[in-house]
Amino acid sequence: MEEEKEVMEEREVKERVVEIEHPLPCLTESDTQGIIKGRDLFGYVGIEAVLDQMRRKTMKAGFEFNIMVVGQSGLGKSTLVNTLFKSKVSRKSCTPNYEEKISKTVQLQSVSHIIEEKGVKMKLTVVDTPGFGDQINNENCWEPIVKYVNEQYEKYLKEELNVNRKRRIPDTRVHCCVYFLPATGHWLRPIDVEFMRRLGKIVSIVPVIAKADTLTLEERLEFKQRIRQDLQANGIRVYPQNEYDEDTEDRILNDKIRENIPFAVVGTDKEHQVNGNKVLGRKTKWGIIEVENVAHCEFAHLRDLLIRSHLQDLKDVTHNIHYETYRVKRLNESNANGQALSPLNRENGTLEKSDAESHL
């Protein structure tokens, strides 16, 4: 009985103990930061109402998401973007009398939409790169894209440094670059390696195998393994990177994603009847390839990554990692010169008024 009493007393003491974590940097060595759980409070405080406040504020203001699609013509970039957001959001889809022309140079063009779902508003900007990889000589075809990405960082930085800056700085920075690989079944091409190696340092890249239904399941698996080997051999950083995992839960989730990269995807905006249900799919003489069926392709994994699970993380990585790296570099340059920020040099990209950008 005495032993049981001691155990009970011990348990009561443990329940009342305030858990101690690491001390804050601003506190002295003798100070500590404690966590007071609900059972230790004298009554209802209302802290959890902060989440409702944040939700209301976010829903009222909305948020922005900027996605870039890169790949040679004919890989289904426009179709995949439309499939992702289940609407006509690509430049090709919303341009009247659109004509497919092979551009002689890489010309970046963007189109923006306000998408609203269940009261949540999102300004989606899709940046397209017509002309990329379509020439006989594709040397340095990534330079206009590097220039564009850095220009958006520069615009944001200049807004931040203004004395009377806007309450909410317009965010045109590229949050994610979806890179389309042709389903060759071989290895990465030199242009793929060079592009991802350069862009991976300044933007979050998600590689996908376009029109994956042209490969058998065995060919697809082997191709994905070869691509992962190529990425590792060339030191190419694709999203999500290991070093950005914040905790064990993040690591477990991201490890599953990394195992599936690159995603083998199929895009379509056409619906078909399958077992009495309407599904997005591509009809062939062998049957219907269901886009959102993970047994047929990995589109659902890509959609979950970009929208349902990692959209905010993509924005955070852009702001805290890529933009911060650019900001530090530019401010160091200005300090070294002993003057205000100088215009971007040719390597970083210069701000011009000729940016191809359309807003709907």
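Of the 360 residues in the protein chain, 38% count as buried, where buried means under 20% relative accessible area, exposed means over 50%, and partly exposed is in between (1.4 Å probe, protein chains only). This is a predicted model, so local features need pLDDT of at least 70 and side-chain atom pairs count only at pLDDT 80 or more, while totals for chains, interfaces and linings use all residues. Residues are numbered from 1 along each chain as its sequence is written, and side-chain values use heavy atoms, with hydrogens and water left out.

**The whole chain**

The secondary structure comes to ten helices and twelve strands. Helices (H or I, at least four residues) and strands (E, at least two) are DSSP runs, numbered from the N terminus. Take the contacts, meaning heavy atoms within 4.5 Å, between residues at least 6 apart in sequence: 66% of these join residues at least 24 apart. The chain exposes about 22300 Å², and carbon and sulfur atoms supply 50% of that; the areas come from the Shrake-Rupley method with a 1.4 Å probe, and for residues only the protein chains shown count as cover.

Now look at strands S4 (residues 109–117) and S5 (residues 120–128), which run antiparallel and are joined by nine bridges. Two strands pair if DSSP finds at least two bridges between them.

The expected span is 1.5 Å times one less than the number of residues.

| Helix | Length | First to last C-alpha | Expected span |
|---|---|---|---|
| H7 | 17 residues | 24 Å | 24 Å |
| H8 | 13 residues | 19 Å | 18 Å |

Which residues of H7 are buried? They are Arg220, Phe223, Lys224, Ile227, Asp230 and Leu231. Seen down the axis of H7, these fall within an arc of 125°, so they line one face of the helix. (The arc is that of the directions from the helix axis to the C-beta atoms.) An α-helix has 3.6 residues a turn, so residues three or four places apart point the same way. On the other side of H7, Glu218, Gln232 and Ala233 are exposed. The buried residues of H7 pack against several elements, including strand S6 (176–181), helix H6 (190–199) and helix H8 (248–260). After H7 comes Gly235, with a positive phi near 65°.

In H8, the buried residues are Asn254, Ile257 and Arg258. They cover an arc of only 100° around the axis, which puts them on the same side of H8. Turned away from that side are the exposed residues Thr248, Glu249, Lys256 and Glu259. The buried residues of H8 pack against H7, S8 and helix H9 (299–309). At the start of H8, a side-chain oxygen of Asp247 reaches to within 3.2 Å of the backbone nitrogen of Glu249.

**One histidine to find**

His319 lies in helix H10 (residues 311–337). Is His319 buried or partly exposed? His319 is partly exposed, with a relative accessible area of 26%. His319 and Arg173 are 146 residues apart in sequence, yet 8.7 Å apart in space, C-alpha to C-alpha. Leaving aside neighbours within four places in sequence, His319 is in contact with Tyr156, Glu160, Arg173 and Glu324.

How values were computed:
A polar contact is a pair of N or O atoms within 3.5 Å; within protein, one must be able to donate a hydrogen and the other to accept it, and residues adjacent in sequence count only if both atoms are side-chain atoms.
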